[in-house]
Amino acid sequence: MKKKSIQQEDKFLDSLLRPESWDNYIGQEKIKKSLKIILGAARKRKEPSDHLLFYGQPGLGKTTLAALVAKEMRVDLKTISGPTLTKSGDLAAILTNLEKNEILFIDEAHRISRPIEELFYSAIDCGKINLTVGKGPSARIISLDLPPFTLIAATTRVNLISSPLRSRFGAIFRFDYYEPEDIEEIIKRSAALLEVNISKEAILIIAKASRCVPRLANRLLKRARDVAQMSSPLTRKGEVDNLIFIDGNIVKETFGMLEIDELGLETYDRRLLEIIIKKFNNRPVGINTLVASLGEEKEAIEEIYEPYLLKIGFLQRTPRGRIATPEAREWLG
């Protein structure tokens with residue numbers, strides 16, 4: 001299968017596995033409980049929900065929960081990405097075209113430019129957006145009325161969202177890593193939707209390597225399904241096998257193919273630790289040195305690799321730089 005076809009199938013499967021109701025959304029119980037109160041009260045008042053800010057690591061369900069909020073409020077969800085908001089005119093067009101009480105969801109909100117961010121102040125405070133037309137002495141300001149709407153912003157870097165914008169959200173929710181039991185339940189549900197049988201051992205192995213992130217658990221499950229399907233004797237004969245079974249051996253074979261170990265460490269995770277341990281004799285290493293050594297962007301290291309390594313106790317941040325812990329050195333042998 002070509003890479004593009006795999007990506008298209010993955011997008012379809014991601015949509016299939018995405019929860020479509022509160023009951024199917026596993027985990028983040030505190031957030032769900034709080035949201036039910038906020039949304040229920042707004043519905044009773046027949047008003048749009050207050051503006052919401054979701055933050056946490058990638059793959060923890062922020063986008064999915066935003067979609068469920070829209071379903072709960074019985075309104076449409078309009079989704080845009082923060083980096084695409086580069087012109088004030090574009091934002092004005094988006095906001096003025098919203099339907100009454102519609103929800104605007106902005107992903108990667110920390111990447112909104114400051115001038116665009118400031119336009120949200122009046123939009124949130126008084127339901128208007130002020131635009132400057134022209135330049136110099138002849139410039140004039142026009143004010144556009146906006147329909148009532150709810151802004152939901154999602155970010156992995158809440159510290160990069162300015163204090164004035166953060167203070168305008170009615171509620172701010174931090175998405176935590178999932179408990180192993182929740183990840184196991186998500187894998188069981190996803191396996192049923194994918195119409196595959198999976199052993200208890202396979203579920204435990206995938207859950208342990210998932211980094212406590214549902215998106216990664218589902219990704220590993222999908223790849224294990226591929227390996228199981230191609231390992232089937234019927235598949236080898238060119239026949240269709242609808243009874244796909246994933247056991248512990250299939251999962252381990254999948255991990256070997258993806259170069260993932262039992263803790264979910266990928267090539268770049270191990271390379272980051274090995275650079276610190278071997279190249280710098282485990283002396284503190286600054287982030288810019290790691291960027292140069294890994295050939296990765298600073299944001300990728302700080303947002304993707306470091307959080308999990310810190311969580312499992314393999315990495316420490318010190319005033320002088322990053323160091324690998326004894327547990328990391330033991331694991332890497």
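**A walk through the predicted chain**

Glutamine 316 stands opposite isoleucine 323, a residue of strand β11. Strand β10 covers residues 315-318 and strand β11 covers residues 321-324. The two run antiparallel and pair over four bridges; strands count as paired if DSSP finds at least two bridges between them. Threonine 318 faces glycine 321 of β11. Two residues form the hairpin link from β10 to β11.

A word on the basis of all this. The model is predicted: local features need pLDDT of at least 70, side-chain atom pairs count only at pLDDT 80 or more, and totals for chains, interfaces and linings use all residues. Residues are numbered from 1 along each chain as its sequence is written, and side-chain values use heavy atoms, with hydrogens and water left out.

Now step back to the whole chain. The chain holds 15 helices and 11 strands. These are DSSP runs, numbered from the N terminus: helices are H or I with at least four residues, strands are E with at least two. The C-alpha trace spans about 70 × 50 × 40 Å along its principal axes. The chain has 333 residues, and 47% of them count as buried. Buried means under 20% relative accessible area, exposed means over 50%, and partly exposed lies in between (1.4 Å probe, protein chains only).

A contact means heavy atoms within 4.5 Å. Among contacts between residues at least 6 apart in sequence, 69% join residues at least 24 apart.

The largest nonpolar core has 50 residues. Such a core is a set of buried Ala, Val, Leu, Ile, Met, Phe, Trp, Tyr and Cys residues joined through side-chain atoms within 4.5 Å. Those with the most contacts inside the largest core are Leu35, Phe54, Leu65, Ile187, Ile198 and Ile246. Take leucine 35. Not counting residues up to four places away in sequence, leucine 35 touches Trp22, Gly40, Leu52, Phe54, Leu65, Val69 and Phe173.

The loops between helices deserve a visit. Cysteine 212 sits in the loop between α8 (200-209) and α9 (214-231). Cysteine 212 is not a glycine, yet its phi is positive, at about 65°. Cysteine 212 is buried, at 17% relative accessible area. Asparagine 281 lies in the loop between α12 (267-279) and α13 (287-294). Asparagine 281 also has a positive phi, near 50°, and is a residue other than glycine. Asparagine 281 counts as exposed, at 54% relative accessibility.

Glutamate 266 belongs to the loop between α11 (248-258) and α12. Glutamate 266 is partly exposed, with a relative accessible area of 27%. Leaving aside neighbours within four places in sequence, glutamate 266 is in contact with Arg211, Arg219, Glu259 and Ile260. The C-alpha atoms of glutamate 266 and leucine 52 are separated by 33 Å. Along the chain, these two residues are 214 residues apart.

Last comes the surface. The chain exposes about 18,000 Å², and carbon and sulfur atoms supply 50% of that area. Accessible areas come from the Shrake-Rupley method with a 1.4 Å probe; for residues, only the protein chains shown count as cover.
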